[in-house]
Amino acid sequence: MQARKKYVLLGLCACCWLLLFYWGGGVQVRLLKLLGQQRGDVVRPWPDWTDRVLLPGYAQLEELQTGPGSAESPRQRHQAWTGIYKDSRCRMETCFDFTRCRRRGRDGFRVYVYPSEKDERGSESYRKILTSIGESRYYTTDPREACLFVLGIDTLDRDQLSGQFVPNLDDRIKGYPLWNEGRNHLIFNLYSGTWPNYTEDLGFNIGQAILAKASLNTEHFRPGFDVSIPLFSKDHPQKGGERGWLVRNTVPPRRKYLLMFKGKRYLTGIGSDTRNALHHIHNGKDIVSLTTCRHGKDWEKHKDARCDHDNLEYERFDYQELLHNSTFCLVPRGRRLGSFRFLESLQVGSQILITIGFSSVHAVGNERVLALRQRTQMLWDAYFSSVDKIVLTTLEIIKDRVFSHVSRNKYMWNALPGGLLVLPEYSTHLAHFPFYYLSLGVSPGQEFTAIIHAVSPLVSQSQPIMKLLQVVSKSKYCSQIIILWNSEKPPPHRSKWPPMPVPLTVTDGRRKTSSRFLPNVAIETEAVLSLDEDTVLLTSEVNFAFLVWMSFPERIVGYPPRSHFWDPVKHAWGYTSKWTNEYSIVLTGAAFYHRYYHYLFSHYLPPSLRALVDRTANCEDILMNFLVSAVTHLPPIKVAQRKQYKELPSPQGTKMSAPWANPEHFTQRQECVNSFASWFGYMPLVHSQFRLDPLLFKDQVSVLRKKYKDLERA
């Protein structure tokens, strides 16, 4: 009996042990899978698009990232990764020193670039990256001010077979006294690993550095820490870049081909099966999928039965013709995950497919296609058209993480004009920016602040500025007047100014021409009326222009126009003040604009351009037009004016002469146009023949029927 009890007890223990092993092991496996899924979630390092199409794919994400030709198991890949990136769990909270950045508030975000070593030869692409940082408003030459550090050593190409591979990086980086295991460092990379497996191996330990990398596998991406950048070629422009190819509201939105791909087909190794799987979709009509085996030295040794036919079919179609005439472009992986086709497809306005979902592609309606094509152009123009924009977007993403309490929201990143031109230091509320009014369904305020730029001493009550004060203050929309005093003599006492129905403030402009566009806390309205001291206007002209501006609050609205042109003989931009039917500039000597542009002028433009304005005491109006047109991609708006803008002589009793009396004045403005275009990397000014007049303006009807009667009197 005792023996039976003993066996029963042993049997029960064995059963319990088996149950624990089965259920406990299952729980362990499920927990490990859950943790693995959390680490492997697809985290979009670029802003998450608010409007996107979810297309079901036939290829699994893991397959597209690793490729069936890879000989490595998931465990081997993980071990290789953790061996190179020992701080694979880094997050901003654990691997970044915020105190270096917050010593001076938002102004504490400064970037230091280590000086290149003697005889150091970097790639052209890396030189462009360093140039972009060096010319940005965040650059500092003092490492003690720096929040972020960038290596002077080229880290873009870490393929050991490449001629641009830099050896012994571990030893060289450890020699940097500020390396600190990579903390607060930013490393750029386009190519990693080498033949045959093209792993994520960079050949050195990045430690706690932030990695801005193309072809970044989601398995290795550290969410909220690393930044995924697009793969770009050495020919990608430094600044500006070409505009997208999509003509606004192009109809019909669908193109000749529904879907296209043209590229190499790898016969062996990683990435081979991904492109091998595409041949069956080709029909030569609306879907064109072309691959060629004819690349590399030994392709004939490995060619299969399809190679000869594929090579012939490949030559029948021109890549650029396909690219520009396809609704969707397929961007499958090659040896590495990234592809130049991503940026090429964005520029031409084709929707990009990385996973394959052809049934869904056929089901996408025309309205959706057009919306998606417009989105590609927004992304291209805002973030990808130049190395400058790619680098600055990377810096702004990191800055938003550092100052997360004052950062851009998703709408700011994903709506025009794009995150680079929306400065959260100004505001984090959408309704405070003029270019969001229309989409939000809001209107600007009903009043304006007049800012008069005064450079002449006050010696007579008959000076033009005295009459101008009376005219502007009589406007029912005028909230306040600010005189920006930039004369060499001190401003007169308040009793010298005429009495007015609105508050009058005199501020010191510090004799800097650019000071007229500096942010001023005294400005209480959204609308700003910028005026020169000698501007001649009527109150009715001011009222009409303000009402026009309220309908176009994102633009400059004013009176005196100017224009630019391309001089094919001098191969340079020209500037003209001739009165024609076409213009691209409205002088800010008499113009309305939104006060946000004061902030953008002071914090977005580099100090070098503002220094040019102050050095020449010229061109600030041209620079403001460049800036606003760069934001809106639209021209300013000219309104009707009773008299043409006249350049009056200086008041009697003053030694100062009018700036236009100086022969160098016009030459300087020509040079400014070219200097500004050079910094922007393109010509943002847009020509227009559009002028807004009051109803019945100069019509042959009774003046009693006209609201703005004074505009037509001599």
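**Disulfides, sheet packing and a buried histidine**

With the bonded cysteines of the protein chain numbered in sequence order, the pairing reads 1-2, 3-4, 5-6, 7-8. The structure is a predicted model, in which local features need pLDDT of at least 70 and side-chain atom pairs count only at pLDDT 80 or more, while totals for chains, interfaces and linings use all residues. Residues are numbered from 1 along each chain as its sequence is written, and side-chain values use heavy atoms, with hydrogens and water left out.

Four disulfides are present (a disulfide being a pair of cysteine sulfur atoms within 2.5 Å). One of them joins Cys 90 and Cys 95, with the sulfur atoms 2.0 Å apart. The torsion about this S-S bond is about -80 degrees, so the Cys 90 and Cys 95 disulfide is left-handed. Cys 90 is buried, at a relative accessible area of 1% (buried means under 20% relative accessible area, exposed over 50%, and partly exposed in between, with a 1.4 Å probe and protein chains only). Cys 95 also counts as buried, at 6% relative accessibility.

Cys 293 and Cys 307 form another disulfide, with an S to S distance of 2.2 Å. The link of Cys 293 and Cys 307 is left-handed, with -90 degrees about the S-S bond. Cys 293 sits in the loop between strand 7 (287–292) and helix 8 (299–302), and Cys 307 in helix 9 (residues 307–315), so the pair ties together parts that are 14 residues apart in sequence. Helices (H or I, at least four residues) and strands (E, at least two) are DSSP runs, numbered from the N terminus.

The torsion here is about 85 degrees, so the disulfide of Cys 619 and Cys 672 is right-handed. This pair links distant parts of the chain, 53 residues apart. Cys 619 lies in the loop between helix 20 (607–616) and helix 21 (620–632), and Cys 672 lies in helix 22 (residues 663–680). Cys 619 is buried, with a relative accessible area of 0%. Cys 672 counts as buried at 2% relative accessibility. Two further cysteines were examined for burial. Cys 329 is buried at a relative accessible area of 1%, and Cys 478 is buried at 6%.

An open sheet is formed by five strands in the order 1-2-3-4-5, with parallel pairing (two strands pair if DSSP finds at least two bridges between them). Strand 1 (111–113) and strand 5 (227–228) stand at the edges, each with a single partner strand, so one side of each is left without a neighbour in the sheet. Within the sheet, strand 2 (residues 148–150) and strand 3 (residues 185–189) run parallel and are joined by two bridges. Val 150 stands opposite Leu 186 in strand 3. Helix 14 packs on this sheet and touches strand 1, strand 2, strand 3, strand 4 (210–213) and strand 5 (contact means heavy atoms within 4.5 Å). The direction of helix 14 makes about 145 degrees with that of strand 3. For such angles, axes are lines fitted to C-alpha atoms, for helices over the stretch in contact, and values run from 0 to 180 degrees between N-to-C directions.

Helix 14 (residues 387–402) has 16 residues. From first C-alpha to last, helix 14 reaches 23 Å, close to the 22 Å expected at 1.5 Å a residue; the expected span is 1.5 Å times one less than the number of residues.

Another parallel pairing involves strand 6 (residues 257–264) and strand 8, joined by three bridges. Leu 259 stands opposite Phe 328 in strand 8. Strand 8 (residues 326–330) is mostly covered, with five of its five residues buried.

His 564 is placed in strand 15 (residues 561–567). His 564 counts as buried, at 5% relative accessibility. Its side chain makes a polar contact with the side chain of Ser 584, at 2.8 Å. A polar contact is a pair of N or O atoms within 3.5 Å; within protein, one must be able to donate a hydrogen and the other to accept it, and residues adjacent in sequence count only if both atoms are side-chain atoms. Not counting residues up to four places away in sequence, His 564 touches Trp 573, Gly 574, Ser 584, Met 683, Leu 685 and His 687.
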